[in-house]
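Welcome! Please take a moment to turn the model around on your screen before reading on.

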Amino acid sequence: MTKIKRVLISVSDKTGVADFAKSLSSFGVEFLSTGGTAKMLRDEGLKVTDVSEYTGFPEMMDGRVKTLHPKVHGAFLALRDKKEHVDSMNEHGIIPIDMVIINLYPFKKTIEKHGVSLEEAIENIDIGGPAMLRSSAKNYRSVTVITDPADYSAVLTEMSSNSGAVSVETNKRLAVKVYKLTSEYDAMIANYLSKN
């Protein structure tokens, strides 16, 4: 089981995430976030570190580049029981991230709008979100990855029963949801681009 100490939240669909974050804060977790999600969490009274502050790199290129950084992906991918990985984390100031709460840019909703341009559709292709989801899900033994607000309650219940920890079994179930989501997302983009 992994005790949740650090949580990264970056969501387009903010349904229920403020209440979930408030509940998580009762376990003493630290929050990392970006843009509008960070602002929303602060407005709810939560202490949040911007990802750009953690990485030392600003968001750039109209927000296209903000989470594609070794201090983010290393925090997901590091095998915490492997000395070489832990040594690399220590050497490069990488702090483990134990939970990731992400949903993707609304590509489907965008392309369903009447008269949407190809340029607008392309700007709603999420890059950082799927990359973070896939990195985190690959290391599901140590990282809890949540893409669906329907999972918030069950995760909180499990954390309450296990002193703030989440089981590998739950993490694996959530990881399967990640790969299903990202494969469907990519297929939708491929289908759209092939016709436009």
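How exposed is Arg173, going by its relative accessibility? Arg173 counts as partly exposed, because its relative accessibility is 40%. We will come back to this residue once we have looked at the whole chain.

## A predicted model

Keep in mind that this is a predicted model. The average pLDDT of the protein chain is 88, and 94% of the residues reach a score of at least 70. Confidence is lowest in helix H3, where the mean is 82. Confidence is highest in strand S6, residues 144-146, at 97.

## The overall shape

Along the principal axes, the C-alpha atoms fill a box of roughly 50 × 35 × 35 Å.

Of the 196 residues in the protein chain, 45% are buried. Now take the contacts with a separation of 6 or more: 65% of them are between residues 24 or more positions apart. The accessible surface of the chain comes to about 10,200 Å², and 54% of this surface belongs to carbon and sulfur atoms.

## Looking inside: helices H4 and H8

Helix H4 covers residues 70-77, and its buried residues are Lys71, Val72, His73, Ala75 and Phe76. What do these buried residues pack against? Their partners are strand S2 (6-10), helix H3 (51-55), helix H5 (83-92), strand S5 (99-102) and helix H8 (128-138).

Helix H8 is also where you will find Ser136. Ser136 counts as buried because its relative accessibility is 0%. Leaving aside neighbours within four places in sequence, Ser136 is in contact with Phe76, Val100, Val143 and Val145.

## A loop residue and a surface patch

Next, find Asn124 in the loop between H7 and H8. Is Asn124 buried or exposed? Asn124 is buried, because its relative accessible area is 18%, and the cut-off for buried is under 20%. If residues up to four places away in sequence are not counted, Asn124 touches Tyr105, Pro106, Phe107, Thr110 and Tyr185.

Helix H7 spans residues 118-123 and includes Leu118. With a relative accessible area of 33%, Leu118 is partly exposed. Together with Ile122 and Leu193, Leu118 forms a nonpolar patch on the surface. The accessible area of these three residues together is about 210 Å².

## Salt bridges across the chain

How many salt bridges does a search of the whole structure find? The search finds 12. In one of them, the side chains of Lys22 and Glu44 meet, at 2.7 Å from N to O. This pair links distant parts of the chain, 22 residues apart: Lys22 is in helix H1 (residues 17-25), while Glu44 is in the loop between helix H2 (35-43) and strand S4 (48-50). Lys22 is partly exposed, with a relative accessible area of 35%, and Glu44 also counts as partly exposed, at 35% relative accessibility.

## Back to Arg173

Arg173 forms a salt bridge with Asp151, and the closest N and O atoms are 3.3 Å apart. Arg173 lies in helix H10 (residues 168-195) and Asp151 in the loop between S6 and helix H9 (152-161), so the pair ties together parts that are 22 residues apart in sequence. Arg173 is partly exposed at 40% relative accessibility, whereas Asp151 counts as buried at 6%.

Asp151 has another partner: its side chain meets that of Lys177 in a salt bridge, at 2.8 Å from N to O. Here too the pair links distant parts of the chain, with Lys177 in helix H10 and Asp151 in the loop between S6 and H9, 26 residues apart. Lys177 counts as partly exposed, at 30% relative accessibility. Which residues are linked in a network of salt bridges? The network links Asp148, Asp151, Arg173 and Lys177.

Note on methods:
Residues are numbered from 1 along each chain as its sequence is written. This is a predicted model: local features need pLDDT of at least 70, side-chain atom pairs count only at pLDDT 80 or more; totals for chains, interfaces and linings use all residues. Side-chain values use heavy atoms; hydrogens and water are left out. Buried means under 20% relative accessible area, exposed over 50%, partly exposed in between (1.4 Å probe, protein chains only). Helices (H or I, at least four residues) and strands (E, at least two) are DSSP runs, numbered from the N terminus. Contact means heavy atoms within 4.5 Å. pLDDT is the predictor's confidence in each residue, from 0 to 100. Patches are made of residues with over 30% relative accessible area and no salt bridge: like charges are joined within 9 Å, nonpolar side chains (Val, Leu, Ile, Met, Phe, Trp, Tyr) within 5 Å. Accessible areas come from the Shrake-Rupley method with a 1.4 Å probe; for residues, only the protein chains shown count as cover. A salt bridge is a side-chain nitrogen of Lys or Arg within 4 Å of a carboxyl oxygen of Asp or Glu.
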